[in-house]
Amino acid sequence: MNTQATLMASLPYIVLAGGLLVVMLGICIRRTHFVAWSLTMVTLIATLASHLLGYEALGEGITVTMLIHIDGVSYLFNALFVLAAICTAVIAYQYVDEKLRFREEFYLLLLAATFGSLTLPAATHFVSLLLGLEIVSISLYAMVAYPEKVRGPLEAGLKYMILSVASTSSILFGMALIYAASGSMEFAQLTPVSGSAEGDVFYLLGHVFFWSGIAFKLSLVPFHIWTPDVYQGAPSIVTGFIATVSKGGVFVVVMRYVMESDVFSSEAIAQAIFLIAAISMIVGNLLALQQRNLKRLLAYSSIAHMGYLIIALFLVATQPSIGFETAIVYLAGYFVMTLAAFGVITVISQGSDSELASIDDIQGLLWRRPIPAATLVVSALSLAGIPLTMGFIAKFYLFAAGIEGEMWTLVGLLVLGSAIGIFYYLRIIFAMTAKPEGELDSVERGSWTGISAVAVLGVATLALGIYPTPLVDFVQTLVRVSGF
Amino acid sequence: MMDATGGIPLEHVIWFAITLFLIGVVGILIRRNVIFILLSLELMMNAAAVVFIAAGAFHDQADGQVMFMFILALAAAEVAVALGLVVQLSRRFKTLDIDAASEMTG
């Protein structure tokens with residue numbers, strides 16, 4: 001193994017870990033919110049830039065020990081996660097400054113969670129899967145429960161922590177049984193010793209436990225009960241991070257798992273996942289119909305979106321390059337519009353004691369706070385999959401992928417789910433455009449950092465929807481380089 | 001899987017671990033005291049650890065034991081954060097009953 005190439009390829013991890021330590025030491029020396037925030041931003045941007053340096057050394061992909069395999073696809077996901085972390089940090093600054101008593105450590109947790117999420121796309125072994133997953137989760141327990149003056153976060157944090165640890169135990173137990181049956185923990189060598197998967201009770205049982213835990217982390221029905229409560233109780237900016245980076249990371253590692261271990265060749269496992277995806281699409285959309293709280297509504301819609309994404313998971317098993325391409329484009333779109341939505345809630349809640357997240361709170365918002373409201377309109381249209389937004393391109397990709405893989409039932413449910421979805425997304429837009437009675441003060445308040453970050457996300461949603469060619473070309477090149 | 005791990009067949013260890021795991025699940029479902037819920041979670045993790053150790057011995061590899069070390073570290077980290085939340089809960093509500101903090105529904 002070429003040591004220098006290995007070091008160069010793992011540069012993003014080294015930079016991020018180093019930056020994490022610098023921020024930590026900085027906090028020890030002197031507590032200044034702005035300095036901690038700036039160091040965090042520098043670290044994240046340096047991490048993003050180091051992908052360009054490392055890319056030179058990458059080639060077709062480099063295997064670092066047996067635990068991780070770094071290639072173009074993992075770099076793409078890394079860049080996506082780091083970009084999401086940058087958006088989170090920019091929007092969070094004002095929130096942290098205003099609402100939190102211990103400000104600086106928030107960024108440490110953010111960096112740690114990002115580090116964990118970077119491990120996931122490269123994981124090829126149960127140990128790296130577990131470590132990545134848990135670095136993200138444990139940082140998130142603390143981030144969810146961080147604000148100490150209000151009641152919601154503590155409840156959300158406790159619920160999230162208990163259920164998340166239970167699901168991690170389930171994943172662990174599944175891994176243990178699979179290991180007992182196959183004698184290896186590397187994804188590529190998980191075939192049961194006895195030969196066929198169907199004949200091995202413990203192998204199948206292991207997968208039952210494993211996928212239950214994974215379905216929990218992705219909030220798929222019937223393991224979704226935690227989602228609305230955690231989404232509602234956690235600070236919006238943290239919710240945005242959970243919805244994007246945490247779920248995206250889990251999904252990516254599962255994709256690699258499916259690709260390398262070829263579990264879907266076992267009919268029973270594939271059918272179970274198929275069922276979970278189908279129920280998630282329907283139930284997520286139906287439950288979202290009744291919600292009057294924006295964050296709960298987004299929680300249920302995320303259940304449906306993760307259900308849609310399972311189509312890409314099935315495709316990865318048979319045609320990895322198309323599967324990965326679909327997943328990256330879909331997740332990129334989902335990240336932009338979800339971060340925009342939660343960013344808007346954070347921005348409009350500035351200066352008020354509680355978060356303004358109910359439908360009544362955003363009544364006539366377009367006339368009071370034009371920029372955040374316009375972003376939320378774009379984001380809602382995009383989540384609904386209306387053409388000329390990124391969400392449409394993402395859904396179109398999934399649709400094409402579903403047809404490619406001949407998954408007619410799932411494609412049908414995708415269309416049906418999107419049709420139901422339009423109803424509740426449009427309700428958000430109608431609420432915001434309703435002209436309020438009485439005096440109007442259409443003055444933008446609050447910090448310009450938050451507002452401009454949110455506006456950038458909104459513009460990106462539109463721009464990528466109108467002209468997606470550069471993104472698609474870029475993704476295709478990197479997927480091809482990785483040699484699938 | 002007839003071979004012995006110190007005389008005990010692997011299947012027996014696995015069924016024992018599944019029992020442990022299910023005891024943990026039931027504990028989470030019926031207990032309302034946070035400390036007992038944390039104990040149940042610990043039980044579930046250790047059930048997995050037992051299988052890893054036994055499977056490692058069965059396959060004659062060190063991997064299972066390495067995984068056990070990771071599980072120990074993981075459990076410690078999780079309990080550290082969890083107890084922080086428990087302290088918050090008891091300060092604010094003067095109770096360890098998990099339902100006291102629960103008000104979100106729908």
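Two residues are in contact here if their C-beta atoms, placed from the backbone, lie within 7 Å. Keep in mind that this is a predicted model.

**Where the chains touch**
- On chain A, 31 residues are in contact with 35 residues of chain B.
- Helices H6 (126–144), H7 (152–182) and H9 (226–233) of chain A each give two or more residues to this side.
- H7(A) gives the most, with 15 residues.
- By type, the chain A side that touches chain B has 21 nonpolar, five polar and five charged residues.

**A helix pair across the chains**
- The axes of H7(A) and helix H3 of chain B (residues 63–93) come within 10 Å and cross at roughly 165 degrees.
- Angles over 145 degrees count as roughly antiparallel, so H7(A) is roughly antiparallel to H3(B).
- The crossing of these two helices is left-handed.
- From H7(A), residues including Leu154(A), Met161(A) and Tyr179(A) take part, and they meet a set in H3(B) that includes Ile71(B), Leu85(B) and Arg92(B).
- This contact is made up of eleven nonpolar, three polar and two charged residues.

**A helix pair within chain A**
- The axes of H5(A) (residues 104–122) and H6(A) come within 8 Å, crossing at roughly 155 degrees.
- H5(A) and H6(A) are therefore roughly antiparallel to each other.
- Their crossing is left-handed.
- Among the residues making the contact are Leu109(A) and Phe115(A) of H5(A), and Leu131(A) and Val136(A) of H6(A).
- The residues of this contact divide into twelve nonpolar, six polar and no charged.

Terms used:
Residues are numbered from 1 along each chain as its sequence is written. Chains are lettered from A and ligands numbered from 1 in the order in which they are written. This is a predicted model: local features need pLDDT of at least 70, side-chain atom pairs count only at pLDDT 80 or more; totals for chains, interfaces and linings use all residues. Helices (H or I, at least four residues) and strands (E, at least two) are DSSP runs, numbered from the N terminus. Ala, Val, Leu, Ile, Met, Phe, Trp, Tyr, Cys and Pro count as nonpolar, Asp, Glu, Lys and Arg as charged, and the others, Gly among them, as polar. Axes are lines fitted to C-alpha atoms, for helices over the stretch in contact, and angles run from 0 to 180 degrees between N-to-C directions. Angles under 35 degrees count as roughly parallel, over 145 as roughly antiparallel, 65 to 115 as roughly perpendicular and the rest as oblique. A crossing is left-handed if the near helix is turned anticlockwise from the far one by less than a right angle, and right-handed if clockwise.
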